[in-house]
Amino acid sequence: MSAEPRLAEVTEPEPAQEAARGTDQAVKETLEDYTLRFAPRSYRRWTPMVVATTALGGIAYMADFSIGAGIGLAHGTGNALVAIAVAAVVIFVTGFPLAYYGARYNIDLDLITRGSGFGYFGSVLTSVIFASFTFIFFALEGSIMAQGLKLGLGLPLWLGYLVSTLMVIPLVIYGMTALSKLQVWTTPIWLLLMVGPLVYLVATDPGTVDRFLAYAGTDGDGGVNTASVLLGAGVCLSLIAQIGEQIDYLRFMPPKTEANKRSWWTAVVMAGPGWVVLGALKQAIGVFLAVYIIAEVGPTAAPEPIQQFKHAFDAMMPSWIVLPLAVALVVISQIKINVTNAYSGSLAWTNSFTRVTRRYPGRMVFVLVNLGFALALMEADMFSFLNSILGFYSNCAIAWVVTVATDIGINKYVLKLSPHAPEFRRGMLYAVNPVGVVSFVAASGLSIAMYFHALGDTLQPYSPVAAAVIAFVLTPLMAVVTQGRYYLRRTDDGIAEPLLDEDGNPSAVTYECHVCRQQFERPDVAACRTHDAVVCSLCLSTDKVGDHVLPAVV
């Protein structure tokens, strides 16, 4: 089917009619924010700076303060700052190609992963990894909010966990439209409440900086050593999967043109890999505030952001306003990040479920699933063993992100064994591509074994390094060994219109899917196997009998 299909009326047999009815509700829901789909040009009406501001709004989370404080209290300020810097560099370098691909081709990280070494079903594995990231960090932020509600309003922790979970549901229902407004309007307030106390403390008591820099930690002697730095960096690198949430927003970037290229690149770098600059600063602030208040609240409570900011506000304001402001900061931060966690997690779970079962149950089902997992973690008091959870998780996250970033940077642009244009549609990809799957499984498996001391205590701190190095080496090696033959099941999707326009942006030419009768832009459709027409990517995913899926071309 190399000729362009005619978009004529098609008389469908009964199975196709049933499929059309079954996907009708899915189509209506996914067209709000293009869940599981390419984001079309007609929907991407925001400017680059609005998209960037929305994406960066999710970086308001308070977990960074806890992560930084935990590393600093254990290993000392010197080791903590070096660990934070090392992790930030790795996150920025690996996040750049992913952010560019998401913004340039308007697809989320799962769709990128499919065509960047994992295959149509192979990326289900990484979708689950990403979904786990969202509920782990939802639980962490919810725990921080519950601590604030307990201190400010006297709510017991279990009730605070429930409140912090339920309050995001109304906000996450409406997708990108509502989230962009929420993030833009709350960001200035959040920045003022976060930066104000820090500036005041440094300006009025310079001795706080000296005490901060001299802090040796409970496990250290004040010196910088490799093991402590790598253990700390491993915890920070658990945040490497945050780039997936950034891309959930960056996929709505407008087309890159000669007129907007400066603002386009600025937005992509700021809101893509650039998120880690703010994240690293917050982690360093977390160390500073923990050292500042440790004498008053002790090492157990010092990593709690509500305690950190309560004591910081207490130094600069009347006592009657301190607690309300601290609670307001925690609540605003929790809402800003957890609507993103719930939103992105629901996309990841839905994506995986739809591919495996060929049913679309509705994104709201998986909003509730994700929140259920998060609530269970909160009730299990995950905050008390935070660094252990994040240290373990980082091995999987690093292996995944480095594998995809290497496939884009090396296999696509240097070796040219991976197709340059992204592909995510069923029928166009092999079910599993050994390039990414083998690299990811080997890197994460060996690094996890190292993390749990299976290869000895000496190598244990090096598990995140192993995850990154193995993924970086194996990904191009596997592409060379397989000669790139498992990337594309077929190179022709049966439509003559090019995928990309003359500027290299995804084509805005529209077609009607003959199953759901909706209009979709060129990258989201392929020719149908059994009709002289086209079918959209979601209808292909939910095609139970493979009626519409193009055959393989050897």
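How many of the nine residues of helix H12 are buried? Nine of the nine, as it turns out, so the stretch running over residues 242-250 is largely enclosed by the rest of the structure. Keep in mind as you look around that this is a predicted model.

If you want to pick H12 out by name, its buried residues are Gln242, Ile243, Gly244, Glu245, Gln246, Ile247, Asp248, Tyr249 and Leu250.

**The whole chain**

Stepping back, the protein chain has 21 helices and four strands. Of its 554 residues, 60% are buried. Take the contacts with a separation of 6 or more: 80% of them come from residues 24 or more positions apart.

**Where two helices cross**

Now find helix H6, which covers residues 124-153, and helix H17, which covers residues 363-379. Their axes come within 8 Å and cross at roughly 50°. That angle makes H6 oblique to H17. As for handedness, the crossing of H6 and H17 is right-handed.

Which residues make the contact? On the H6 side, they are Ala131, Thr134, Phe135, Ile136, Phe138, Ala139, Gly142 and Ser143. H17 brings in Asn370, Leu371, Phe373, Ala374, Leu377 and Met378. Sorted by class, the contact of H6 with H17 has ten nonpolar and four polar residues, with no charged ones.

| Residue | Helix | Relative accessible area |
|---|---|---|
| Ser127 | H6 | 3% |
| Val437 | H19 (residues 434-451) | 18% |

Start with Ser127, which sits in helix H6. Is Ser127 buried or exposed? With a relative accessible area of 3%, Ser127 is buried. Its side chain is joined to that of Asp110 by a polar contact of 2.4 Å. Setting aside residues up to four places away in sequence, Ser127 touches Asp110, Ala348, Ser352 and Arg355.

Next comes Val437, over in helix H19. Buried means under 20% relative accessible area, so Val437, at 18%, counts as buried. Leaving aside neighbours within four places in sequence, Val437 is in contact with Gly117, Phe118, Gly122 and Val432.

Key. Residues are numbered from 1 along each chain as its sequence is written. This is a predicted model: local features need pLDDT of at least 70, side-chain atom pairs count only at pLDDT 80 or more; totals for chains, interfaces and linings use all residues. Side-chain values use heavy atoms; hydrogens and water are left out. Buried means under 20% relative accessible area, exposed over 50%, partly exposed in between (1.4 Å probe, protein chains only). Axes are lines fitted to C-alpha atoms, for helices over the stretch in contact, and angles run from 0 to 180 degrees between N-to-C directions. Angles under 35 degrees count as roughly parallel, over 145 as roughly antiparallel, 65 to 115 as roughly perpendicular and the rest as oblique. A crossing is left-handed if the near helix is turned anticlockwise from the far one by less than a right angle, and right-handed if clockwise. Contact means heavy atoms within 4.5 Å. Ala, Val, Leu, Ile, Met, Phe, Trp, Tyr, Cys and Pro count as nonpolar, Asp, Glu, Lys and Arg as charged, and the others, Gly among them, as polar. A polar contact is a pair of N or O atoms within 3.5 Å; within protein, one must be able to donate a hydrogen and the other to accept it, and residues adjacent in sequence count only if both atoms are side-chain atoms.
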